[in-house]
Amino acid sequence: MTRNFIKAREYIVLIAVALAMIITGSFVDFQFSKSVYDAVHTNLFGVIMSGIAEIPSYLAMAAAGLLLILASKEIKKVGQVFSWIIGLGVIGFSVYNSFDTFTENYGMYADQFGCSETLIPILAVIVIVLLFGFTGFIIIWKCRNKDRTYMRHIAIAIIVISVLQLVVVTGAKFIISRPRPRYIIDGLGVEQQYREWWEFRPFANIKNAESTGFSKGNWQSCPSGHSGTAIELAFALPLLVLLFDDWKNSQRARLIAFYVGMAWGVLTAFSRIYAGAHFLSDVGAGLLITSLAGLLTQLILPLILKE
């Protein structure tokens with residue numbers, strides 16, 4: 001089931017969109033970001049998306065972790081322990097990062113929107129408990145009589161795509177060390193800080209943070225982590241659709257799931273530009289990395305799992 005969950009046509013569309021962003025950004029990155037960035041940080045679109053854009057993908061990751069645990073009942077003891085460790089780790093990672101992205105991004109703007117900063121963690125807990133609780137309920141309900149191998153393969157595919165994306169995006173941020181648009185526009189000026197995405201400065205984010213006192217995150221613009229994580233939904237949803245008996249044999253259902261996930265990823269990408277967090281080429285790079293991670297997983301994983 002992990003061999004054909006996304007067709008070649010969908011990969012072509014998604015990779016074409018990502019490449020178009022990167023190529024266009026290579027010519028107009030700074031001009032485009034400066035024209036759409038809201039320098040007073042009060043745009044609702046950018047602010048709202050900054051706190052929730054990654055959460056749907058984290059919900060999918062948590063669902064994969066739970067699937068891995070539920071699918072461990074009929075395998076050897078060592079395999080069960082291993083599945084529980086990975087499953088709980090993935091769930092914990094997803095919950096923690098959802099809480100972190102919610103509190104960090106909304107806490108940054110709390111005063112400007114007349115909200116007490118102390119309320120943000122409380123709201124985060126409420127939202128996370130409701131969303132993750134509902135997701136867990138659906139997964140347990142739908143997987144009562146499912147084939148364990150089937151469940152395990154779906155879970156592994158989602159987790160592998162997420163891990164590949166995380167490793168490559170995080171590593172690239174440190175290698176490229178590109179400053180964020182809002183830091184350039186509000187801070188030191190383009191002549192001192194702006195550079196193109198291909199002008200790598202390995203680990204300059206750490207050096208600049210030490211010399212200026214600013215967070216190293218200000219030099220982690222490329223690639224966009226929010227965009228890379230958000231677009232994971234385009235791969236996770238078609239896989240999770242396979243758990244529903246009415247939809248698992250429907251190519252149309254998987255197609256709708258893919259484009260819903262893709263739309264969310266592209267919306268997230270533009271929200272990051274609007275918030276001054278990334279250039280156009282940065283978000284395109286985030287989309288491209290996850291797309292290639294999905295393609296690589298779909299090509300190689302079935303061979304490893306012997307589907």
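Pro 223 sits in the loop that runs between helix H9 (204-212) and H10, where helices are DSSP runs of H or I with at least four residues, numbered from the N terminus. The peptide bond between Cys 222 and Pro 223 is cis, with omega at about -5°. The model is a predicted one, in which local features need pLDDT of at least 70 and side-chain atom pairs count only at pLDDT 80 or more, while totals for chains, interfaces and linings use all residues. Residues are numbered from 1 along each chain as its sequence is written, and side-chain values use heavy atoms, with hydrogens and water left out.

The phi of Ser 177 is near 50°, a positive value in a residue other than glycine. Ser 177 counts as buried because its relative accessibility is 0%; buried means under 20% relative accessible area, exposed over 50%, and partly exposed in between, with a 1.4 Å probe and protein chains only.

Arg 178 belongs to this loop too, and its partner Asp 29 comes from helix H1. The two form a salt bridge whose closest N and O atoms are 3.0 Å apart, a salt bridge being a side-chain nitrogen of Lys or Arg within 4 Å of a carboxyl oxygen of Asp or Glu. This pair links distant parts of the chain, 149 residues apart. Asp 29 has a relative accessible area of 1% and is therefore buried; Arg 178, at 0%, counts as buried as well. Arg 178 also forms a salt bridge with Asp 282, with the closest N and O atoms 2.8 Å apart. Asp 282 lies in helix H13, so this pair ties together parts that are 104 residues apart in sequence. Asp 29, Arg 178, Glu 196 and Asp 282 are linked in a network of salt bridges.

The structure holds five salt bridges. One of them joins Glu 10 to Arg 9, with the closest N and O atoms 3.0 Å apart. Here Glu 10 is buried, at a relative accessible area of 2%, whereas Arg 9 is exposed, at 53%.

Turning to helix H12, this element covers residues 251-274 and has 24 residues. From its first C-alpha to its last, H12 reaches 35 Å, close to the 34 Å expected at 1.5 Å a residue; the expected span is 1.5 Å times one less than the number of residues. Among the buried residues of H12 are Ala 253, Ala 257, Gly 261, Gly 265 and Ile 273. An α-helix has 3.6 residues a turn, so residues three or four places apart point the same way. The buried residues of H12 pack against helices H1, H2, H10, H11 and H13, contact meaning heavy atoms within 4.5 Å. H12 is followed by Gly 276, which has a positive phi near 80°.

Asp 245 and Lys 146 are 99 residues apart in sequence and 9.7 Å apart in space, C-alpha to C-alpha.

Conventions
Helices (H or I, at least four residues) and strands (E, at least two) are DSSP runs, numbered from the N terminus.
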